[in-house]
Structures are given as C-alpha cells and as structure tokens.
Amino acid sequence: RLGGREAQASFTRPGLYVLDLADGAVRYHYPFKKGETSVSASTPVVVDGTTLFISSGYGHGAALVDFSGAQPVAKWETKAMRTQLSGCVFVGGCFYGFDETMLKCLDLEGKERWRTRGLGMGALTAADGRLIVVSGNGDLVVVAAKPEKYQELAKKRVLLGSSFWASPVLCD
C-alpha cells in the first residue's frame, strides 16, 4: 500500500514506476538512469507506506525515494550500494545487500555501517533477524542482521560451480 492505495512498484531501465493495482495506471515515476549503461534488476524495497529503496549497479548507486508529496523525491542518493542482480533486504531499520562484490549494511540515512569482502557477487534473503546468503562461489552463509558489525553465524559450501545470483528461499 502506498498512500493508502494498493500499488505495484516496478524498477525498470528508465527508473522506478509505481502503478495503481486496480487499473495499472502510472501513479508515479522516479527517473534513475545515470549514464549510458543501465540495468535495474533489483526489486524495490518497501520501507513504509510512503518510502521505497532502489539500487542499481554499473555506477548508479541507491536512493531512498519518498512518495508522500505530489511528486517522488529522493531523501538521499548514494554510491555505497550498487546492486547488480540480487536486491537488498530491510531488517531492523537497515538495508543489507551486495554492493557489487561486497556485502554491506547501510542505515536508514544511507550511511555505510559495515562491509565484508570474500563472498563474491551473491544473493540474500532475511528471516528471524538473520541474513541468509548464497555467496558467488556457492557457500550458504548465515549472518546476524545487526548494524554494529558483520557477524558470521554459520558457513557451508552447498553448491558447486560459479555465479549463484538467485536469492535463497527459506522453507518451514
């Protein structure tokens, strides 16, 4: 729900679109194409009833977009989160995601809280205060979703090969 109405957010090459779910009409458009290269593959993250977070790789970065007024406005933009495939998750007031090949935590103001290398370009989901990460080389990693520091809780190789970008799904 955005502004009290059912809506769908779609992040495309020209930017973020918010469509009315009832009739498909474009309610808002927030342009977010920076330069010639543009891939907007990450799913927008709903923060609350008026705010969405978007992130894109290839030099773009991220933005926290406010839809409470007549036109969408960025509360902030940053180059600190440049997701290429897997989107971010929002847990406990922070965004967690892959800034290219670094797993990072950004707070609600867009400031980087921590980063870690060595996971490659992976994908993640969140459950019960934890990040469930599939690294770019096939490791399943469970990380505490805490802004204070990167804290790895478990790690095990579960896939062979390379380039694992699909977000894991927790069942049961």
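How many bridges join β1 to strand β2, and do they run parallel or antiparallel? I began my notebook with that. I kept in mind that this is a predicted model.

**Entry 1: the sheet with β1**

I counted 6 bridges between β1 and β2, which covers residues 15–20. The two strands run antiparallel. Phe-11 stands opposite Leu-16 in β2.

Then I looked at the whole sheet. It is open, has 3 strands, and its order is β1-β2-β3. The pairing is antiparallel. Which strands stand at the edges? They are β1 (7–12) and β3 (26–31). Each has a single partner strand, so one side of each is left without a neighbour in the sheet.

**Entry 2**

I moved on to an open sheet of 4 strands. I read its order as β8-β9-β10-β11, again with antiparallel pairing. Its edge strands are β8 (89–91) and β11 (112–116), and each pairs on one side only. Neighbouring strands of this sheet are turned by 25 degrees against each other on average, direction ignored.

I checked one pair in detail. Strand β10 (residues 102–107) is joined to β11 by 4 bridges, and the two run antiparallel. Which residue in β11 is the bridge partner of Leu-103? I found Thr-116.

**Entry 3: the cysteines**

How many disulfides does the structure hold? I found 0. I reminded myself what I was looking for. A disulfide is a covalent bond between the sulfur atoms of two cysteines.

I then asked about cover. Is Cys-88 buried or exposed? Cys-88 is buried, with a relative accessible area of 11%. Cys-171 is exposed, and its value is 59%.

**Entry 4: a nonpolar patch**

Which residues make the nonpolar patch of about 210 Å²? They are Leu-140, Val-158 and Leu-159. I took a further look at Val-158. Val-158 lies in the segment after β15 (152–157). Its relative accessible area is 46%, so I noted Val-158 as partly exposed.

Methods: Residues numbered from 1 in each chain as written. Predicted model: local features only at pLDDT ≥ 70, side-chain atom pairs only at ≥ 80, totals over all residues. Heavy atoms only, no water. Disulfide = S-S within 2.5 Å. Buried < 20%, exposed > 50% of the residue type's maximum accessible area, 1.4 Å probe, protein only. Patch = residues over 30% accessible without salt bridge, like charges linked within 9 Å, V, L, I, M, F, W, Y side chains within 5 Å. Areas by Shrake-Rupley, 256 points an atom, 1.4 Å probe, with all protein chains shown as cover. Salt bridge = Lys/Arg side-chain N within 4 Å of Asp/Glu carboxyl O. Pairing = 2+ DSSP bridges. Axes fitted to C-alpha atoms, helices over the stretch in contact; angles between N-to-C directions.
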